[in-house]
Structure formats: structure tokens, C-alpha cells
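This report walks through a two-chain model for a reader new to it. Please look at the sequence and the structure first.

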Amino acid sequence: MMYGYDKMSMDLLQHELVPKHEILSDEEKNELFTKLHITKNDLPKILDSDSVVKKIGAKKDDVLRITRTSSTAGTAIYFRLVIPE
Amino acid sequence: MYNLPTKIQEEILKYTEENKISEKQQQQIIDAVTKIHKMSTYDPQEPMGVVAAQSISEPATQMTMRTYHFAGTAGIQVTLGLPRVLEIFDARKEPRTPTMTIYIEKSHQTLDRVRKIAENIKEVKLRDLVKSTILDLTELKIKYKLDLERLHALDVDEKKLSRLVNVRNAVAELAGEMLHVIPKKKDITNIHKIKFGVLEAHVKGIKGITQVLVTKEEGEWVINTLGSNLKKVFEIEGVDATRTTSNNIFEILDVLGVEAARNAIIKQTRFTLDEQGLVVDPRYIMLLADMMTTEGNVKAIGRYGISGEKDSVLVRASFEETKKHLTSAAIHGECDLLKGTIENIMVNQVAPVGTGAFDLVGKIPQQLPEEEK
């Protein structure tokens, strides 16, 4: 009857409400900061206790590239900085 | 180069393919659309928050005060209309009527199978299995007459029931079709409390799910529930864990993360507005959802959320709870740098909005030219 916890965590990233999260490399991070003239603290945040962050194994100070599906634009790119809770 | 949103690009491509338009003309179309798109975007420093606020609140004034509505043809009552919108934007931890929409995997799409899953999800309390209660004051016992037919229909073993009772150290034992509960402390008030406590004992199903309803939506069987517990439901065999959702945004935040919570806020708000026949551009709702989730958790709009955490003292004082903010600012020696829009309007200065946001930077010569002296 029950699959146990593993099935749920496996499906977490497949859920239709969860967009694609990717961890940026250091190079990509610097490129982003210079392009937008910002520092990392200007980005929106995501907590390190977030289920998706835990699942993909992102660490503090990582920047995530989030590819959202949008009803108006088709796809939209968003960035979040991982911060400790 | 100016990039059009992917959706518009795809639409142009589809149109040109369908109408067999040459590459040169296609480029002309793209140029024309780009021009229009550029014109319709917000300019830098335009106060789009104000526009968003008005675009959402004007239709909200048209909302009915009717709070309940039946989902589907029969069954589950869900909070809708203005109370629901307030619930979402105030970021309440628990919605007034938590509900789930459970989708079923293709391999389980038969009515019998879906009914079985629904039955397993619904919480059964001892209350549902008892026909009548007798309070025996001579023996100081409580006797529950069990509904054996229902017990078997729900596939519950009556022998297990006595172990489920766990109220004030009372001991339960089975005697035929009766369940006897013997309290440890023998006084009458205690017995009364136990009498009701025992009825609440959890027998099977998922805690908090009080109603289930199997309906057919767009050609597939779907279970609607009253009460919500995503984590437990995802673990049940046959449940499509990629589509099943709840209307409890904090539960989604907990189980699926902030981005999912943001999507849920947008979906729920749009659903509530659509249901009332109100049209609001989804971009404003997205802006609001982004505001609520920038810090990684879901924050309310209003006194205890975004408006209560603004940097400027004057802005916080002008919104709500004026005295509280001014006093605490005085105690802590806060400084208002007058950088935002509202505080500059308050002191009658040019606000950093639109053209007011830009300063003139000039090179002032150290020495004036000779002829001007």
C-alpha cells in the first residue's frame, strides 16, 4: 500500500508546481553579477531548508537559475540566492 | 538585441508556418511585434506596484460577500470570493476550508479503484463506528455499541479497536459487539470527559480529511477532499504525485518549496478571481506573488508582512499602527533617509519615480573659461 518516503522525494521535482532549478557555476555567477551590476545580496532568496534546495543539494551562497513556465511569457528565468534559515 | 518572450516567438513562428510567409516578411513581422512589445513594457522607474495594487483592488471591490460555493455538483464547501483572496494575501497558516484535489494515475482510472483509494484516504474516527453509548454509573464503565456492518465494510478489525483507545489511561476491552472502557480514576467528571475523548480516537485513513468526493473532471476520475495532508497523500499507491495539489499554501511551501508556493499563490488567486467573473492581468498577480516570496518564505502583504517591514519609519507610520512605529523609532534612534516614493511625497519633495528617479550629473570645470570672467 505505502511506498514510503522515497517515492515522494523522487517525485518532488516532477511536480507540476515545481519549476526547474539549476545551480550556477562560479563563472556563470560572476557573469550574471557583472551583467546586471548587482551583488549577490540583491537577488531574491531561497532558504537552505527548502525542499527543492535539499533535493538538488545546493549549499549556502549558491545561486539557482529557475526556469519558470509562465502563462504570459512562455518561459521566464529567475534567480535566487541560497541563504541559511 | 531585444528578445521577445518565448511564447510570442513561438506564436509568430506558428503563424508564419501556417500561412507560408517568406523569411523576409517574417522578419518584418518580428520587427513590428518587437516595436509594439517595447512600447507596452514598463519604463524604468515607473511605479508599477501602484498600478498592480489598483488593478487588483478595483475588481476586488466588485466581489460578492457570498463566501461559500459548491465545488462540482454536490458536496464540498470551499471558501471563495473576497474572504479567500484575503486569506491568500494575508498568508494565513491554515485556510478556513483546506481542500485537496487528488489526481489518480492512469493505471488506476476505474471507478472502483478510485473509490477504494478515496475510502482509504478518508479519516475514520471511532465516532463513525459506534451506534450508541451507554454510561454505566453503577460499574463506572462506558459501553459503546459497535456498528459491526460498517466496521466490516470499512475493513476494520474490531480486535484492534481496544488498542486505539488512549484517553486518560483508560483501559478498553472488547465484549461481543460492545466496547467497554474502564477509566483508571473513578469519578464522574472524569468519566464524562473520557466518554467524548474515546469517540475521537483515530481508527484509519489520513488525519484531518473529513470528507472525500469522487468526481469526473475532464474525462478522468478525481478525488476532492475537505482537509489537507499532501505528504501522506503522495505516499498512497495510485495517486498521481505530480499533479495532486492542496489549497493550503504553507503546506505546499513545506512540501514542494518556495517556487511551488509562488505558483500556488498565482493559481489560487486567478482561480478565485475567475470564478467571480473578474478579469485581472496575470502579470500583476505574479508581481504580488514574487513580492510575497522574495525572502524565501511566504510573507503576508499588509501590517505583519511586507508593509510592516519597510525601511522607512514614515512609511510604516503612515500605513497602520502609527504610534507603535513612531515610538519604537524614537527609542531606537532610527533615521529616515527619504529614499522611497511615499516618504518623499509626505515631505513634498520630488519622489524617485519616473523622471524624478534620475539625477543630473555634470562635469563642473575647475576654472571658468577666460572670456566669462
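In chain A, A:Ile66 stands opposite A:Tyr78, a residue of strand 4 of chain A. The model is predicted, so local features need pLDDT of at least 70 and side-chain atom pairs count only at pLDDT 80 or more, while totals for chains, interfaces and linings use all residues; side-chain values use heavy atoms, with hydrogens and water left out. Residues are numbered from 1 along each chain as its sequence is written, and chains are lettered from A and ligands numbered from 1 in the order in which they are written.

**The sheet of chain A**

Strand 3 and strand 4 of chain A pair in the antiparallel sense over 8 bridges. Helices (H or I, at least four residues) and strands (E, at least two) are DSSP runs, numbered from the N terminus, and two strands pair if DSSP finds at least two bridges between them. Both strands belong to an open sheet of 4 strands in chain A, in the order 1-3-4-2, with mixed pairing. Its edge strands, each pairing on one side only, are strand 1 (20–23) and strand 2 of chain A. From one strand to the next the twist averages 35 degrees. Helix 11 (residues 258–275) of chain B lies across strand 1, strand 2, strand 3 and strand 4 of chain A, at about 25 degrees to strand 3 of chain A. Axes here are lines fitted to C-alpha atoms, for helices over the stretch in contact, and angles run from 0 to 180 degrees between N-to-C directions.

**Where the chains meet**

In all, 34 residues of chain A are in contact (heavy atoms within 4.5 Å) with 39 residues of chain B. The two chains bury about 3,100 Å² between them, 54% of it on carbon and sulfur atoms. Buried area is the accessible area (1.4 Å probe) that two parts lose on being put together, summed over both.

There are 4 salt bridges between chain A and chain B. A salt bridge is a side-chain nitrogen of Lys or Arg within 4 Å of a carboxyl oxygen of Asp or Glu. Over all chains the count comes to 22 salt bridges.

| Residue | Partner | N to O distance |
|---|---|---|
| A:Arg68 | B:Asp290 | 3.3 Å |

In chain B, 4 strands form an open sheet in the order 5-6-8-7, with antiparallel pairing. Strand 5 (130–136) and strand 7 (171–175) of chain B are the edge strands. Neighbouring strands of this sheet are turned by 20 degrees against each other on average, direction ignored. Strand 7 of chain B pairs with strand 8 (residues 178–182) of chain B over 5 bridges, and B:Ala172 stands opposite B:Val181. Helix 8 (residues 188–199) of chain B lies across strand 5, strand 6 (141–146) and strand 8 of chain B, running at about 25 degrees to strand 6 of chain B.

**A loop residue of chain B**

B:Asn229 sits in the loop between strand 11 (220–226) and helix 9 (230–234) of chain B. Leaving aside neighbours within four places in sequence, the contacts of B:Asn229 are B:Met100, B:Ile206, B:Lys207, B:Ile209 and B:Glu251. The C-alpha atoms of B:Asn229 and B:Val198 are separated by 23 Å.
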